[in-house]
Amino acid sequence: MPDSAPRRRSRAAAGKPPITADKIIDAAVEVTGELGLDGLSIRQISTRLDVWPGVIAYHVGDREAVVMGVLDRVIDRIPIPGDDVPWRDWFRSVVSEGRTILRQYPGVARRLCAVGPNVPSALPTIDTGIRVLMKAGFGEHAPEVYRYLFNSAFTLVAVEDDRGQFPTARADMGRAMAAFAEDDSQPGLAAAGTTARARSTDPEAIAAQETEFFLFTVERSLDGAQAMLRAD
């Protein structure tokens with residue numbers, strides 16, 4: 001009996017370029033940018049590339065291997081200054097540029113904070129960052145300070161990513177707080193309400209507040225590290 005099941009033509013026969021590991025990771029990065037890291041699946045990638053899921057496994061591995069490839073590719077896009085840059089400027093630059101890149105790929109920041117950047121493209125960043133801190137005088141504490149500064153910044157990025165699941169929550173919170181702006185009996189809430197009132201319904205103002213708070217947190221984290229040098 002002849003086999004009646006449909007047969008998929010080879011990519012070469014169909015005039016399509018061959019599949020490579022790089023092309024698979026390219027597609028995975030695109031999916032992550034659209035659906036977030038939690039939405040990344042082998043099926044999503046195979047559909048995008050028009051290949052069987054087994055092709056992904058053959059060239060790259062399981063989903064975790066694909067995720068690691070995505071992390072490696074995303075981290076590689078973050079510009080890294082040389083070790084001749086003053087330590088505060090170095091970290092301010094890396095985490096600010098990092099936020100811009102990571103916000104394009106929801107879920108990556110959370111993964112980095114939870115598990116760590118265990119991918120090849122992160123190694124030069126780790127080496128340079130710790131060397132910058134050692135030169136600044138942090139000595140044996142340099143690795144801890146490095147981790148503290150990056151986690152403080154990128155945890156906020158992870159929260160920003162997760163907040164995308166609640167698109168109106170920030171504005172709702174702002175309006176709720178703004179109601180206390182004239183409440184002299186609760187001066188703490190009144191101060192918070194005054195700040196929130198101008199931004200409670202303006203999406204651009206809310207977005208600007210996110211950036212301002214991120215930069216505020218980065219500077220206070222740098223101040224905290226600076227205090228260690230003064231203590232010594």
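Predicted model: local features only at pLDDT ≥ 70, side-chain atom pairs only at ≥ 80, totals over all residues.

Reader: Is Asp161 buried or exposed?

Author: Asp161 lies in helix α8. Leaving out residues up to four places away in sequence, Asp161 touches Leu102, Arg103, Tyr105, Pro106, Gly107 and Ala109. Its relative accessible area is 10%, which is under 20%, so Asp161 is buried.

Reader: And Ser46, is that residue buried or exposed?

Author: Ser46 is found in helix α2. Beyond its neighbours within four places in sequence, Ser46 is in contact with Val51, Trp52, Pro53 and Ile56. Its relative accessibility is 4%, under the 20% cut-off, so Ser46 counts as buried.

Reader: What does the relative accessible area of Asp50 make that residue?

Author: The place of Asp50 is in the loop between α2 and α3. Asp50 is not a glycine, yet it has a positive phi of about 60°. Its relative accessible area is 36%, between the 20% and 50% cut-offs, so Asp50 is partly exposed.

Reader: Which residue with a positive phi follows α1?

Author: Helix α1 covers residues 21-35. The phi of the residue that follows α1 is positive, near 85°, and that residue is Gly36.

Reader: How far apart are the end C-alpha atoms of α1, and why does that agree with what they should span?

Author: α1 has 15 residues.

Reader: Which elements do the buried residues of α1 pack against?

Author: The buried residues of α1 are Ile24, Ile25, Ala27, Ala28, Val29, Val31 and Thr32. The elements they pack against are α2, α3, α4 and α6.

Reader: What about α4: which elements do its buried residues pack against?

Author: Helix α4 runs over residues 63-75 and has 13 residues, reaching 18 Å from its first C-alpha to its last, close to the 18 Å expected. Its buried residues are Val66, Val67, Gly69, Val70, Leu71, Val74 and Ile75. Those residues pack against α1, α2, α3, α5 and α6.

Reader: How far apart are the C-alpha atoms of Tyr148 and Ala225?

Author: Tyr148 is found in helix α8, and it is partly exposed, with a relative accessible area of 37%. Setting aside neighbours within four places in sequence, Tyr148 is in contact with Arg220, Ser221, Gly224 and Ala225. Tyr148 and Ala225 are 77 residues apart along the chain, and their C-alpha atoms are separated by 8.8 Å.

Reader: How many nonpolar residues does the lining of the largest pocket have?

Author: Sorted by class, that lining has 3 polar residues and 1 charged residue. Its nonpolar residues number 16.

Reader: Which element gives the most to the lining of the largest cavity?

Author: The structure holds 1 cavity of 30 Å³ or more, and the largest cavity has about 40 Å³ of space. Phe91, Val95, Leu149, Ala153, Val218, Ser221 and Leu222 line the largest cavity. Two or more of these residues come from each of α5 (87-102), α8 and α11 (203-231). With 3 residues, the element that gives the most is α11.

Reader: How many charged residues are in the lining of the largest cavity?

Author: The lining divides into 6 nonpolar residues and 1 polar residue. The number of charged residues there is none.

Reader: Finally, which element has the highest mean pLDDT?

Author: The protein chain averages a pLDDT of 90, and 91% of the residues score at least 70. Among the elements, helix α9 (residues 169-178) has the lowest mean, 84. The highest mean, 98, belongs to α5.

Note on methods: Residues numbered from 1 in each chain as written. Heavy atoms only, no water. Nonpolar A, V, L, I, M, F, W, Y, C, P; charged D, E, K, R; others polar. 1 Å grid on protein atoms, 1.4 Å probe; cavity = no way out; pocket = protein on both sides within 12 Å on 5 of 7 lines; lining within 4 Å. Points joined across faces, edges and corners; volume = space filled by probe spheres on them. Helix = DSSP H or I, 4+ residues; strand = E, 2+ residues; numbered from the N terminus. pLDDT = per-residue confidence, 0-100. Expected span 1.5 Å × (residues − 1). Buried < 20%, exposed > 50% of the residue type's maximum accessible area, 1.4 Å probe, protein only. Contact = heavy atoms within 4.5 Å.
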